[in-house]
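Q: Please take a close look at one part of this model, at the level of single residues. Then set that part against the other local features that can be listed.
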Amino acid sequence: MNKWFNQSKESYQKIKMPEEYAVKYEQFLHSNIKRQYPKQIFKLVFSFLLVFVLGVNVSPTFAKSLSNVPGINALVEFFTFRSEVIDNDYSHAIINSPHIDNINNKSVETKINNIIDQTIDTMLKEQKQLDKEYEESFKATGGKQEDYNKIETMIDYHIHFINNKIVSFDLEKSQTLASAYNERVYFNFNIDTGKEITIDKILGKNFEAIIKEEVIKQVNEQLEQDLNKTYFMDNVNNLKITPDQSFYINENNQIVVVFSKYEIAPGYMGLPEFIISLEK
Amino acid sequence: MDKKAVLIDYLINNKDKFYRIALMHVHNEADAYDIVSEATVKAFTKIYLLRNLDAINSWFYRILIRCIYDNTNQKKRIYLFEDHEEENIEDKKDIKINDQIALSTEIQKLPQKYQTVILLKYYENMTFEEVSTILKIPESTVKSRTKKALEILRKEGLFNE
């Protein structure tokens, strides 16, 4: 090799990482070892959790077999029992129906599950009727078959509270024709006895006064704070609460009273909810 | 754990080599350091692929060269959207700065694939076989690229044997 080459090679080999970078690099290398471990553990835990959550929700068998392991008993109590799509000439429905599981008293379990099934069956029957009527009236008024859009219905459930004594959940039907036909049915059960919990059993005989006072107070507060909210004040002031008032128990152990649409507020307010504190 | 310790030792001992080969390709100190860091991170995340510790040198060089090429390719893409001339002026400035460090500007002007081969073969004293495993190209290709690179340098009048 010639002179130029040797010279350039020499000067090349003298190039060093500048001091500031070198320090930074070594720090970076050392910090790298420490950081690796927690990350891997996190990944492991996360993937286990993912498998668990997916498994419980996707497969009833997995959820059931889990409940046989002592210690995990209280964890799994609701699962999607039926998930299906109904699609025929005039209606389209997606159904997610829950079943309760792992209650020691099997007769209570069957009872609650029967109530759930019955409610959903009634919802479906009503919806079928509605779908038929809609289709007939559509054609009677000169609508063409190819322009007909099926009403889409969705039945789903939400679990609000669950422990070894009480479950609180709702079943919801929503569809695309008109929101007035949507419904939401709330259930609260005592698991030990299998009886439905009504509002008077929690708040006592004075339940009507307690709820009324609280609702009027909260309505006034909301109206002051938010100009977009509206309530039918006549209806609010003359509230009549029966023992079968719908309510649920939220995760903070609070009673949440729910009014149906149009009952005390215009439709855009949805289902007004009021938290009733139990401290009084 | 053992593997990691070996890798850290290896990286600390050879950091200047990695830095200078990156610097020759990108003409910019900050970019060169970024490339070395990036290659290091990649090495740690892919450490499970390193089965034989004797091969650590060619294994890491392969990652490093990939990172360098990724970086230069990105720059090419940036040129498409930004003003060409401004970028070129900056590039020339950088080369001038590097003049002080090395006589190797002629090598920097070579097309990238020739440059890499020359740097690895002559400046880092590797064998043709090592270069071919690092670049994942056949040994004969390495040889022909070296030959062509030397021809170009000769035309520049740098080799007067």
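A: The model is predicted, and the values below are computed from it.

The partners of β7(A) come next. Strand β6 of chain A, residues 247-249, pairs with β7(A) in the antiparallel sense, and three bridges hold this pairing. Within it, V256(A) of β7(A) has Y248(A) opposite. The two strands make up a hairpin in which five residues separate β6(A) from β7(A). In that turn, N253(A) has a positive phi of about 65 degrees. Strand β8 of chain A, residues 273-276, also runs antiparallel to β7(A), here with four bridges. I255(A) finds its bridge partner in β8(A), namely I276(A). Taken by residue, then, V256(A) faces Y248(A), while I255(A) is bridged to I276(A).

Two further strands of chain A are linked through charged side chains. Over all chains the structure holds nine salt bridges. One of them joins D170(A) and R184(A), at 3.3 Å from N to O. D170(A) belongs to strand β4 of chain A (residues 166-175) and R184(A) to strand β5 of chain A (residues 183-190), so the pair links distant parts of the chain, 14 residues apart. D170(A) counts as buried because its relative accessibility is 0%. R184(A), with a relative accessible area of 28%, is partly exposed.

A second salt bridge is formed by the side chains of K173(A) and E183(A), with 3.8 Å from N to O. It again links distant parts of the chain, with K173(A) in β4(A) and E183(A) in β5(A), ten residues apart. K173(A) has a relative accessibility of 3% and therefore counts as buried. E183(A) has a relative accessible area of 27%, so this residue is partly exposed.

Chain A also has a nonpolar surface patch. F42(A), F46(A), L50(A), L54(A) and V58(A) form it, and together they have about 550 Å² of accessible area. Among them, L54(A) lies in helix α2 of chain A, residues 19-58. L54(A) counts as partly exposed because its relative accessibility is 49%, and exposed would require over 50%.

Chain B is built from other elements: eight helices and zero strands. Its 161 residues are 47% buried. Among its contacts with a separation of 6 or more, 64% are between residues 24 or more positions apart. The chain exposes about 8,900 Å², of which carbon and sulfur atoms supply 49%.

One of these helices is α7(B), residues 128-135, whose buried residues are V131(B), S132(B), I134(B) and L135(B). They lie on the same side of α7(B), because they cover an arc of only 160 degrees around the axis. Just after the helix, K136(B) takes a positive phi of about 55 degrees.

I63(B) is 71 residues from I134(B) in sequence, and the C-alpha atoms of the two are 8.6 Å apart in space. I63(B) sits in helix α3 of chain B, residues 56-81. With a relative accessible area of 12%, I63(B) is buried. Leaving out residues up to four places away in sequence, I63(B) touches A39(B), K42(B) and A43(B).

K42(B) in turn takes part in a salt bridge with E38(B), where the closest N and O atoms are 3.5 Å apart. Both residues are in helix α2 of chain B (residues 29-45), four residues apart, which is about one turn of the helix. E38(B) is partly exposed, with a relative accessible area of 36%. K42(B), at 33% relative accessibility, counts as partly exposed as well.

Notes. Residues are numbered from 1 along each chain as its sequence is written. Chains are lettered from A and ligands numbered from 1 in the order in which they are written. This is a predicted model: local features need pLDDT of at least 70, side-chain atom pairs count only at pLDDT 80 or more; totals for chains, interfaces and linings use all residues. Side-chain values use heavy atoms; hydrogens and water are left out. Patches are made of residues with over 30% relative accessible area and no salt bridge: like charges are joined within 9 Å, nonpolar side chains (Val, Leu, Ile, Met, Phe, Trp, Tyr) within 5 Å. Accessible areas come from the Shrake-Rupley method with a 1.4 Å probe; for residues, only the protein chains shown count as cover. A salt bridge is a side-chain nitrogen of Lys or Arg within 4 Å of a carboxyl oxygen of Asp or Glu. Buried means under 20% relative accessible area, exposed over 50%, partly exposed in between (1.4 Å probe, protein chains only). Contact means heavy atoms within 4.5 Å. The arc is that of the directions from the helix axis to the C-beta atoms. Two strands pair if DSSP finds at least two bridges between them.
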